[in-house]
Amino acid sequence: MVGPQGEQVGIVRIEDALRLAQESELDLVEVAPNSRPPVVKLMDYGKFKYEAAVKAREARRNQANTEIKEMRFRLKIDEHDYETKKGHVIRFLKGGDKVKVTIMFRGREQSRPEMGRRLLMKLADELQEYGVVENAPSQEGRNMSLVLGPLKKKAEAKEEQRKARDAAKAAAVAEREERAAAKAAKKSSGE
């Protein structure tokens with residue numbers, strides 16, 4: 001038997017254990033039924049269940065599922081379109097998501113896979129500070145793909161974004177208060 005503060009009470013008969021539980025107004029909970037002798041603990045079972053539920057809820061809240069976002073390119077992509085799509089990939093990586101970059105080949109483009117590989121490697125080199133290459137470029141039929149993984153975990157990225165958002169809010173509030181104080185000072189000096 002284990003006491004309410006975790007202290008070892010020792011081997012106790014069932015009747016005595018139940019009597020001790022009633023006297024201390026706690027529940028007698030069987031912790032390890034398969035051991036010999038079985039281990040029981042004096043505790044407030046409702047409080048135990050509540051704390052376990054809170055821990056599980058907290059764990060779910062901190063857990064973040066990493067998604068695989070996909071960005072599709074064409075082999076003959078214009079520079080501006082390339083930069084725009086690269087910006088989207090950066091946003092996904094900063095958010096903690098993996099990105100699958102796919103180049104679609106059409107017609108005669110299929111005979112030039114090295115151009116697609118070159119474009120994917122150029123993108124990977126430009127994005128080294130945001131992510132790492134998880135799967136090297138590979139040809140799958142008419143498509144060639146590359147998988148980029150984020151440098152930060154999703155939970156870390158979300159926490160960082162939340163802190164930046166809170167700092168921006170605080171700065172905006174401080175600026176508003178400063179403008180209000182300046183306006184009040186101007187009004188009082190003008191009158």
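Colleague: What makes Glu109 and Arg74 a salt bridge?

Modeller: This is a predicted model, and in it the closest N and O atoms of Glu109 and Arg74 are 3.3 Å apart. The cut-off is within 4 Å, so the pair counts as a salt bridge.

Colleague: Where in the chain do the two partners sit?

Modeller: Glu109 is in the loop between S4 and H4, while Arg74 belongs to strand S3. They are 35 residues apart, so the pair links distant parts of the chain.

Colleague: Why is Glu109 called buried?

Modeller: Its relative accessible area is 10%, and buried means under 20%, so Glu109 gets that label. Arg74 has 27%; that lies between 20% and 50%, so Arg74 is partly exposed.

Colleague: Are Glu175 and Arg179 exposed or partly exposed, and how do you know?

Modeller: Exposed means over 50%. Arg179 has 52%, so Arg179 is exposed. Glu175 has 44%, so Glu175 is partly exposed.

Colleague: What about Glu23 and Arg19?

Modeller: Their side chains meet at 3.0 Å, N to O, which is within 4 Å, so that's a salt bridge too. They are four residues apart in helix H1 (residues 14–23), separated by about one helical turn. Glu23, at 54%, is exposed, whereas Arg19, at 40%, is partly exposed. Salt bridges with shared partners also join Asp16, Arg19 and Glu23 into one network. The structure holds eleven salt bridges.

Colleague: On to the sheet. How do you know that S4 and S6 pair?

Modeller: Six bridges join strand S4 (residues 98–104) to strand S6 (residues 143–150). Pairing needs at least two, so they pair, running antiparallel. Ile103 stands opposite Met144 in S6.

Colleague: What makes S3 and S5 the edge strands?

Modeller: The order of the open sheet is S3-S4-S6-S5. Strand S3 (68–74) and strand S5 (131–140) each pair on one side only.

Colleague: Last one: why is Gly131 called buried?

Modeller: Gly131, found in strand S5, has a relative accessible area of 7%. That is under 20%, so Gly131 is buried. Gly131 touches Leu93, Gly149, Pro150 and Leu151, leaving aside residues up to four places away in sequence.

Terms used:
Residues are numbered from 1 along each chain as its sequence is written. This is a predicted model: local features need pLDDT of at least 70, side-chain atom pairs count only at pLDDT 80 or more; totals for chains, interfaces and linings use all residues. Side-chain values use heavy atoms; hydrogens and water are left out. Buried means under 20% relative accessible area, exposed over 50%, partly exposed in between (1.4 Å probe, protein chains only). Contact means heavy atoms within 4.5 Å.
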